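Trainee: Before we look at the model together, could you show me how to read its pockets, its cores and its backbone?

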Amino acid sequence: MNILVCVKQVPDTETKIKVAGSSIDTNGIKWILNPYDEFAVEEALKIKAAKPEMQVYVMSVGPKARVVEALRTALAMGSDEAVVVDAPDTLDNLTVAKAIAGAAKKIGSFGLYLTGKAAIDDNNFSVGQMVAELLDIPHATSITKADYTQNGALLEREVEGGTKEILEVDFPAMITTNKGLNNPRYASLPGIMKAKKKTIQELTLADVGVDANSVKVKYTNFELPSERPPVQMISGDAQEQANKLAELLRQEAKVI
């Protein structure tokens, strides 16, 4: 059973985002491997450690000149093979899922598919589920604990109120990973050096049967939130402060 890990390259959380019409200005952005996808890579490597005969593939969809760096991070962590589907970064989630599913069918047979529960840039929580639907396999999302058997997995995730939900899936299956599942390893220096020399398989959207013009969801305009007004300090005794606060809430904030 080979494992396919789907990863995304995202802006570092410390990067200051600048809006450029219907997208963001990518100049000067530091790009990183999506943190939730790091849990997915680590989980695949843990499984491989118990069964060395397995192969761990990592895949990303996006501009190949850029996203290969995220793939090399996953290779440096210990993944065996990497695949990039060269595509513009304006694809919607369904088109990305179609590209992943098409590429997965093209490059091999997989018993387990892993990806992060969400990407920290768009936070849509949907690509993993879409891939599972397109491949006609079961899926389980936001997993924080996993035990594997020969033919499936017993999984746990947190739901509202701290309650734990237990799920059981048969392979092949898609699992999306959440914080708490494991502690992703750092790439070692030898791993980084080996990753630089590895060949990354390149595919196009046409290779995986996807039309870039099939995008259904298009962003028309991005705007940064307006700056918050400065804080107003209210003086006086408790009664005066209460009266002034009520007046401000009614006349300026207009919330009452």
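Mentor: Let us begin with residue classes: Ala, Val, Leu, Ile, Met, Phe, Trp, Tyr, Cys and Pro count as nonpolar, Asp, Glu, Lys and Arg as charged, and the others, Gly among them, as polar. This is a predicted model, in which local features need pLDDT of at least 70 and side-chain atom pairs count only at pLDDT 80 or more, while totals for chains, interfaces and linings use all residues. Residues are numbered from 1 along each chain as its sequence is written, and side-chain values use heavy atoms, with hydrogens and water left out.

Trainee: How do the residues of the lining of the second largest pocket divide into nonpolar, polar and charged?

Mentor: A pocket is an open set of points on a 1 Å grid over the protein atoms alone, where a 1.4 Å probe fits, with protein on both sides within 12 Å along at least five of seven lines, and its lining residues have an atom within 4 Å of a point. Here the lining of the second largest pocket divides into eight nonpolar residues, one polar and three charged, and among them are Phe39, Thr73, Lys179 and Arg185. The largest share, three residues, belongs to α1.

Trainee: Which residues have the most contacts inside the largest nonpolar core?

Mentor: In soluble globular proteins, nonpolar side chains tend to be buried together. A nonpolar core is a set of buried Ala, Val, Leu, Ile, Met, Phe, Trp, Tyr and Cys residues joined through side-chain atoms within 4.5 Å, where buried means under 20% relative accessible area, exposed over 50%, and partly exposed in between (1.4 Å probe, protein chains only). The largest such core has 37 residues, and Ile3, Val5, Val41, Leu114, Ile143 and Leu155 have the most contacts inside it. Its largest share, eight residues, comes from α2.

Trainee: Where is the residue with a positive phi of about 60° found?

Mentor: Most residues other than glycine have a negative phi, and most peptide bonds are trans. Aspartate 136, with a positive phi of about 60°, is found in the loop between α4 (127–135) and β9 (139–143), and it counts as exposed because its relative accessibility is 70%. The peptide bond from phenylalanine 171 to proline 172 is cis, with omega near 0°, and proline 172 is found in the loop between β12 (164–170) and β13 (173–177).

Note on methods. Helix = DSSP H or I, 4+ residues; strand = E, 2+ residues; numbered from the N terminus.
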